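Here is a friendly walk through one model, with a few strands, a helix and a pocket along the way. Please have a look at the sequence and structure first.

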Amino acid sequence: MIQSAVSQILSLCLLATAFSDDVWRSRKPEVIERDVCIIGGGSSGTYSAIRLQQMNKTFVLIEKENRLGGHVNTYIDPVTNQTLDYGVVVWENVSIVRDYFTHLDVPLSDVTLGEAPVSLYADFARVSKVPPDALAPGNLTMGFASYLAQLARYPYLTNGFNLPDPVPEDLLLPWGDFIRKYDLGAIAFAVYSYNQGMGNVLAQPTLYVLKYFTASTAIGASTGGFVTTAHHNNQALYDRALGRLGSSALIDTHIIKIKRDRKGVEVWTSGPSGSKLIRARKLLITIPPKLANLKFLDTDPVERAVFGQFNSSYYWNSIIKGSEISDNTSITNVDVAAPYGIPALPECHAIGYTGVPGLHTVYYSSPYPMSDEAVKSDIIAKHSELVELFGYGPATTPPEFVGFQGHNPYELTVSADAIRSGFYGKSESLQGRRRTWWTGAAWQTQDSSAIWNFTETIVLPQLCQ
């Protein structure tokens, strides 16, 4: 089994590095001709494919996983048949979301915000209890109002990174400095909780926090107003999309090589139905544009100079089964010795209440790469310590991971100096260059409704000219 896996990996590596057009053609791949080839079947790629289908464009969507959906993860409990979303959980209640779900015939319902019946707090690093009032948040309502007032100063942040020159220095301040400057401490922990996966959020340029924590998100966090699927099964949206796309969506398919020239785009792939050569007029790339993700692409010095500047954080979501922690309980990680109670990373954010018997969620962030096994090991160790801390017993048997997913690289950022020097003007100039367009979180933010709006209003009009 191990030898077989190694052989497959070596074969792919040889195809990617010692690739010959003549060798590939000798394999007689199926040739597919389309208007557009879409790389990535996550939020933005799937939305783009559905919209191109609605506009009667021909396309093919390539996704390396065996499903569409990207950051969406849904667990189906085999005992109760209950579904539990633990990736993307809620959506903004805006027209582009409603229209998309209606088109795919997936019903939505309102989300009622609420805490677990029992909410506990602990310093996970020091394994110590934290009293519920330790955060002393102050006036949350006024805090959110102040935040929205600050956000309103930058209306151009709503769609893309079309920044003015010079970029306002406030946007380049570390978020922790911006909090102090505008007295936003009351909502600092709430913003950190919603912006999970940003790495060391207090050190990030404020630009990224304002992009991530949108006005709709802030209003939803403070007053409610989010929606989710009526059956709490967000994967259903992508399963329905896959059914609509049919043979135009190639899942479980790996890209070997992409060549672009003035005549068009050629994409060589390998998947369950064999080798394929896709010839398209245009290319739409929706995956995170770090150079490590683009090894199959014939990048040129201009593209490498832009994408080589990206940093990223790292994020995992999981579901554990068999915890000694009570089903009705959540335990949130708070460091009262740290600014605004925000713990240092890498660390678990919380062990969360799910409403499904025997199951808890665990979310984990790191500012640097970690293996899945290292993250799982740390979660199990912290879980054991918290079980003992709160008197549930010693932990006798480690809980089982019934859901676990790394979403990496996550939240692509560049330095304040790079932003100041016009990074986003350079990245925006890549749209349409070499017959290639770009969309996804790196071009907007980690918010599906915002990504769909950016794709709808900025990318697709250019792509479909």
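In what order do the 3 strands of the open sheet lie? The order is β5-β9-β6, and the pairing is antiparallel. β5 (91–92) and β6 (108–110) are the edge strands with a single partner strand each, so one side of each has no neighbour in the sheet. Between β5 and β9 (residues 226–229) there are 2 antiparallel bridges, and E92 faces F226 in β9.

A word on the ground rules: this is a predicted model, in which local features need pLDDT of at least 70 and side-chain atom pairs count only at pLDDT 80 or more, while totals for chains, interfaces and linings use all residues. Residues are numbered from 1 along each chain as its sequence is written, and side-chain values use heavy atoms, with hydrogens and water left out. Helices (H or I, at least four residues) and strands (E, at least two) are DSSP runs numbered from the N terminus, and two strands pair if DSSP finds at least two bridges between them.

| Pair | Sense | Bridges | Residues opposite each other |
|---|---|---|---|
| β1 and β13 (residues 274–285) | parallel | 9 bridges | R34 and A280 |

Next comes helix α11 (residues 235–245), where Q235, L237, Y238, A241 and L245 are buried (under 20% relative accessible area with a 1.4 Å probe, protein chains only). Viewed down the axis, these buried residues fall within an arc of 155 degrees, so they line one face of α11; the arc is taken from the directions from the helix axis to the C-beta atoms. Just after α11, G246 has a positive phi of about 60 degrees.

Finally, the second largest pocket holds about 310 Å³ of space. Here a pocket is an open set of points on a 1 Å grid over the protein atoms alone, where a 1.4 Å probe fits, with protein on both sides within 12 Å along at least five of seven lines; lining residues have an atom within 4 Å of a point. Its lining has 20 residues, and T158, T214, A215, S216 and A450 lie nearest the centre. α9 (206–212), α10 (215–223) and α16 (448–463) each give two or more residues to this lining, with the largest share, 3 residues, from α16. By class, the lining has 10 nonpolar, 7 polar and 3 charged residues. Domain 1 (30–71 + 100–105 + 234–310 + 414–464) and domain 2 (114–223 + 311–413) both contribute lining residues, so the pocket lies between them.

Note on methods:
Points joined across faces, edges and corners; volume = space filled by probe spheres on them. Nonpolar A, V, L, I, M, F, W, Y, C, P; charged D, E, K, R; others polar. Domains from an automatic or database assignment. Buried < 20%, exposed > 50% of the residue type's maximum accessible area, 1.4 Å probe, protein only.
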